[in-house]
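Please consider the following structure together with its sequence.

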Amino acid sequence: MQIIADALEHGLQVLVLLPEITLTPQLEQRFRRRFGVPIVSFHSKLNDSQRQQAWLSMQQGRAAIMLGTRSALFTPMPRPGLIILDEEHDSSFKQQEGFRFSARDVAIARAKMLNIPVLLGTATPSLESLFNVDRKRYRLLPLSARAGNAIEPVFQLLDIRNKAMHAGLSEPLIGLIRATLEQGHQVLLFLNRRGFAPVLICHGCGWVSRCIRCDANMVIHVGERRLRCHHCGFEQNLISQCPACSTGELQTLGLGTERIEHTLAELFPDKHLIRLDKDTTQRKGSLESYLEQIHSGHADIILGTQMLAKGHHFPDVTLVAILDIDSGLFSVDFHAGEKLAQMIVQVAGRAGRAEKPGRVVLQTRQPQHPLLTTLINQGYQAYAEIALRERKQAGLPPFSHQALFRVHAENAQAPQQFLQAACDVIRLFDDGKTQILGPVPAPMTRRAGQFRFQLLLQSRDRKNLHRLLDSVLPSIAELKDAKKVRWSLDVDPVDLY
Ligand SMILES: [Zn+2]
Ligand SMILES: [Zn+2]
């Protein structure tokens, strides 16, 4: 805020980028209270004329501050002074469709072109940014005091091996929840899976509720009595009879937030519970109304998905529990560890204030896992140093650079033929400095009726990789198989799905 004030004093304009639309109204209020200058917002929830007005007032120099999501990055400014990117680690700064770009990297390039400072803010820096600090490309500005003199929360790994579980809640955790509620404090429970349960299975014949268009299960939504695919949106009514054997008993496997909500309602019938996920916040204004109930102290238990991990502060929460972290420890994507560590720290950061220190409980069957023990005992910085060393040993980004060809079509052959032909072109132009990995099926091979394959290029030399891409792309676009598929190229992919 002080850096912004300084830019404003010099009559300059400031662009502030945020990962989430839901955060802009809160921040806009804070900015308006603090700065007596014209402020505009720019994001996809505004209509075209609102966006046009915001864009014009920035472009004509009337507005001094623009708050926006990644698309705001391209707004022209006659008196540019500063670009700020808040929560720089957040993967929503990467646009994954159409014109693929990283708003973080473009912000840095734009600031350089304008010859103005760019500030990346975060409590959990991405490994790339820490790497750039190491290389003296970025300057690290550590904040030595926590906001509002808050005390660091106490972390606790709760070993749930062999413990009795009540739908995802261990008995020791239930005891902690009860004790916290008795003190009149709020409890926050985090589970990154919505719906009631991710699998419906027949106890008689083993039939499973698969999506007809994806390699994925249909998720059970009990409240709406629907089965829903979270990948393509396909849905159908919740069935009570097995479609395969018609006699077996249908059972649910796994846990979603809706199921935990049921369990909590049984365990704590007189407590007010709020569930925050994509399903409960569809209606316009519903998220704001829930947040208001939480801040006014009306809510006792807050249960939700990653929506909770972003930006919101709940000062009356003194117990945070992350119900399932084990699945994040065993992903096929090398980014998963970093994302899990960031998620844990971000969720933990929602809780507590000076007068009400927070406790953060992580339920796990892997209490000795080095990611967890390092993060909990030594903090995010220590975790990040180890993770960067591992990336270096494995030759993974940021110690190398990747480009991912993603291809899909209605049949399984065309993408493979196209990628094989593309591979041949790449080999012709490559001087042996690029690793060519694939073609392989995407981790979820079939999605929304499309068969998906990919080819990963990896090189230690970014210039060399881009030279290679520049020389092969025209030939690849001309391949005869290119007409039979949809394909895209993603440079610096943030996930490999
Ligand atoms: Zn059956
Ligand atoms: Zn589907």
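Two strands are said to pair if DSSP finds at least two bridges between them. Helices (H or I, at least four residues) and strands (E, at least two) are DSSP runs, numbered from the N terminus. The model is a predicted one, in which local features need pLDDT of at least 70 and side-chain atom pairs count only at pLDDT 80 or more, while totals for chains, interfaces and linings use all residues. Residues are numbered from 1 along each chain as its sequence is written, and chains are lettered from A and ligands numbered from 1 in the order in which they are written.

The chain is divided into domain 1 (2-122), domain 2 (147-194 + 256-392) and domain 3 (401-491); such bounds come from an automatic or database domain assignment. Taken over C-alpha atoms, the centres of domain 1 and domain 2 are separated by 30 Å.

Strand β1 (residues 13-17) pairs in the parallel sense with strand β3 (residues 65-68) over four bridges, and V16 stands opposite L67 in β3. Strand β1 also pairs with strand β4 (residues 80-86), again in the parallel sense, over five bridges; here L15 stands opposite I83. A residue is called buried if 20 or more other C-beta atoms lie within 10 Å of its own, exposed if 12 or fewer, and partly exposed in between, with C-beta atoms placed from the backbone. By this criterion five of the five residues of β1 are buried. In a regular strand the side chains alternate between the two faces of the sheet. In β1, Q13, L15 and L17 point one way and V14 and V16 the other way, and all are buried.

An open sheet of six strands with parallel pairing has the order β8-β20-β19-β11-β18-β17. Strands β8 (154-159) and β17 (273-276) stand at its edges with a single partner strand each, so one side of each is left without a neighbour in the sheet. On average, and with direction ignored, neighbouring strands of this sheet are turned by 20 degrees against each other. Axes are lines fitted to C-alpha atoms, for helices over the stretch in contact, and angles run from 0 to 180 degrees between N-to-C directions. Within the sheet, β19 (residues 317-322) and β20 (residues 359-364) run parallel and are joined by four bridges; V360 in β20 is the bridge partner of V320. Helix α6 (residues 171-182) lies across β8, β11 (186-190), β19 and β20, and runs at about 165 degrees to β19.

A nonpolar core is a set of buried Ala, Val, Leu, Ile, Met, Phe, Trp, Tyr and Cys residues joined through C-beta atoms within 7 Å. Of the 63 residues in the largest such core, L188, L189, F190, I302, V320, A321 and I344 touch the most other members. The largest share of this core, six residues, comes from helix α9 (residues 336-348). Apart from this core lies another, of 30 residues, among them V40, F42, A54 and I108. Two residues are in contact if their C-beta atoms, placed from the backbone, lie within 7 Å. Not counting residues up to four places away in sequence, V320 touches L188, F190, V347, A348, R350, A351, G358 and V360.

Helix α5 (residues 127-134) and helix α11 (residues 380-394) have axes that come within 10 Å and cross at roughly 85 degrees. The two helices are therefore roughly perpendicular to each other, a term that covers angles of 65 to 115 degrees. At this crossing, L127, L130 and F131 in α5 meet A384, A387, L388 and R391 in α11.

Some local backbone features remain. P397 and P398 are joined by a cis peptide bond with omega of about 10 degrees, and P398 is placed in the loop between α11 and β21 (401-409). Another cis peptide bond joins G438 and P439, with omega of about 5 degrees; P439 lies in strand β22 (residues 434-447). N162, in the loop between β8 and β9 (165-166), has a positive phi near 65 degrees although N162 is a residue other than glycine. N162 counts as exposed because 6 C-beta neighbours lie inside 10 Å.

Key. Angles under 35 degrees count as roughly parallel, over 145 as roughly antiparallel, 65 to 115 as roughly perpendicular and the rest as oblique.
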